[in-house]
Amino acid sequence: MKNTIILYNAFMKDIRMDKPKERGRRIKNVVLSLFAVFCIFLPVVIGSAVLLYLMTKSLAGAGHEAFGVQLIYGLISIFTVIFGIHVIFTELYFSDDIPRLLPLPLKGREIVGGKFAAAFMSENIIQFILVLACVIGFGLAAKLNPVMWVLSFVAGFFLSVVPMAYCAILGILIMSFTRIVRSKDTVRKISLIFMLLILILLAGSVSTIRDSDIDSLVVRAASSKMPFIRIMNILFPQIRLLAVFMAEGSIPALLGYFAISAASVGILLLAADLFYIDSVTELGESQHKKRHARAMTARSLRGRSAFRACLGRDWKTLVRTPVFFTNCVAVTFIWPLFVWIASKILRTDIHRSALSARYLAEDSRMPAIYLIFCLGIGFIMTAMNSLASNAFSREGAHFEYMKYIPVSYRIQWNAKAFISVAVSTAGTVPFLLFFGIYVKAPVWETGLGILLDVLAILVVTYFGLLMDAMNPKLVWSDALSALRENENTFFCMAVAIVTAGALGTGLFFLAKAVGEIPAGLIAAAVLLILTVILYRRGMTKGLSYLEDVLE
């Protein structure tokens, strides 16, 4: 146990971001952290809590008040498995510290125990926010007593133990008895395919809900008569026990919940002792780099401009790293799918004729709403794909490469900015253009909306670059850690949400006063001024941040 705790502390140090040494940067980080808490985490907690509160109240009359929390906990566990597979495989078999750990007198359960605990804490940071919201919403609706509140919070904290243990046990068994996975590249590809399949299945299942009786679906689900609920109860029996405890205050149910969680960890450590050391020592090295080295031809070595060379290098890093491609590039292009799913869940029918009629109505507010939508999409999608707010962190151990190549920091900065702007624009402008044509919006409105979208992308891009240059996360053993444990992404998202909200609100009221065109042009002028300010700040203060880090 002592060795496991020591290893856990060492692994957690790799996960945490280094704090800036300068007092001014530390103050900025504190301010931005508070900004992120109040603009991202707090709204998510409040919104989720209100949703579960209303769900619990509506189901209480039918005697199924615990179904809402059981369903959300089940979905959290499913997505923990989806994303945890890649994390566990990488941490146990493909992290950079494994060659240094194997020669030490450590047992398999000690290495796996330390890595599992660190991965659990890393994954649990975001998920516990949803758990917190669930407990608050359910607790207010069910009027829990203080002891139940505390026990529900404690039990919810360990919700991800069982799904992550499943991932770890499955990983050890696969690596011990098969040769399906022999490299990190294979894990990334399998994870990407798995996530896409889940999205397709989710979209298909949501489409069947639209024409169904929601009340009957809830009653069937709460009674465990739906196949999805039955399967979830079999895979995650501890969730049903936790729901029973929260609804009825059953201590045996709570003890059963913790017993199942402890048993899953015990089975994992037993499997680690039996199979882990042998499976990790027999693992061959990935041939990924060799394949790309052989693929290098005279054509790829021909002379190019410095800017194009940096552009090509950053783009290849994004495309050839499935984690970066999925989280930074693909998410920018699949967001319309989530809009469609939301419309199905909300049972909102969007007809072309109805939207066109609203545009032609004299009292229609559609032009202003469309401009605000374009503005918001530019801000949110650019912050969400984190192409800018992770631009320098993605370099990781190769960050000093920027110092030694014969290319100025200015050119490298602009190349990273171009990647962010190009991908974000390609993922938003076609959809906004299609929507404008689909509803027969005026040409001026479509063009002005696209202009606002592009300017918003520029603002978020230059702000994200500035944030990441100030304090990049360079110590990470896996690409996913560079994204999930990077505070700059949350800072950028929080600022983007607040800025989009403020500009959108101003645009809406200004449109009522002076009209949509003048209001849109004023918003575009404000965004242009912000772009110029942030660009100039990046070319001065931002480049000096890079020089300080590279010294």
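This is a predicted model: local features need pLDDT of at least 70, side-chain atom pairs count only at pLDDT 80 or more; totals for chains, interfaces and linings use all residues.

Residues are numbered from 1 along each chain as its sequence is written, and side-chain values use heavy atoms, with hydrogens and water left out.

**Exercise 1.** Determine how many helices and strands the protein chain has, and what percentage of its residues is buried.

Solution. Begin with the DSSP runs, where a helix is H or I over at least four residues and a strand is E over at least two, numbered from the N terminus; the protein chain has 23 helices and 0 strands. Next apply the burial classes, in which buried means under 20% relative accessible area, exposed over 50%, and partly exposed in between (1.4 Å probe, protein chains only); of the 551 residues, 47% are buried.

**Exercise 2.** Classify the ring pair of tryptophan 149 and phenylalanine 153 as stacked, edge-to-face or tilted.

Solution. Rings of Phe, Tyr and Trp (its six-membered ring) pair if their centres lie within 6.5 Å, and planes under 30 degrees apart count as stacked, over 60 as edge-to-face and the rest as tilted. By this rule there are 14 aromatic pairs. For tryptophan 149 and phenylalanine 153 the ring centres are 5.9 Å apart and the planes stand at 35°, so the pair is tilted. Both residues belong to helix H6 (residues 146-157), where they are 4 residues apart, about one turn of the helix. Phenylalanine 153 has a relative accessible area of 24% and is therefore partly exposed.

**Exercise 3.** Identify which residues are linked by ring pairs into a cluster.

**Exercise 4.** Decide whether serine 264 is buried or exposed, and find which residues it touches beyond four places away in sequence.

Solution. Locate serine 264 in helix H12 (residues 251-281), and then consider its relative accessible area, which is 8%, so serine 264 is buried. With contact taken as heavy atoms within 4.5 Å, and not counting residues up to four places away in sequence, serine 264 touches Val161, Val162, Ala165 and Ile169.
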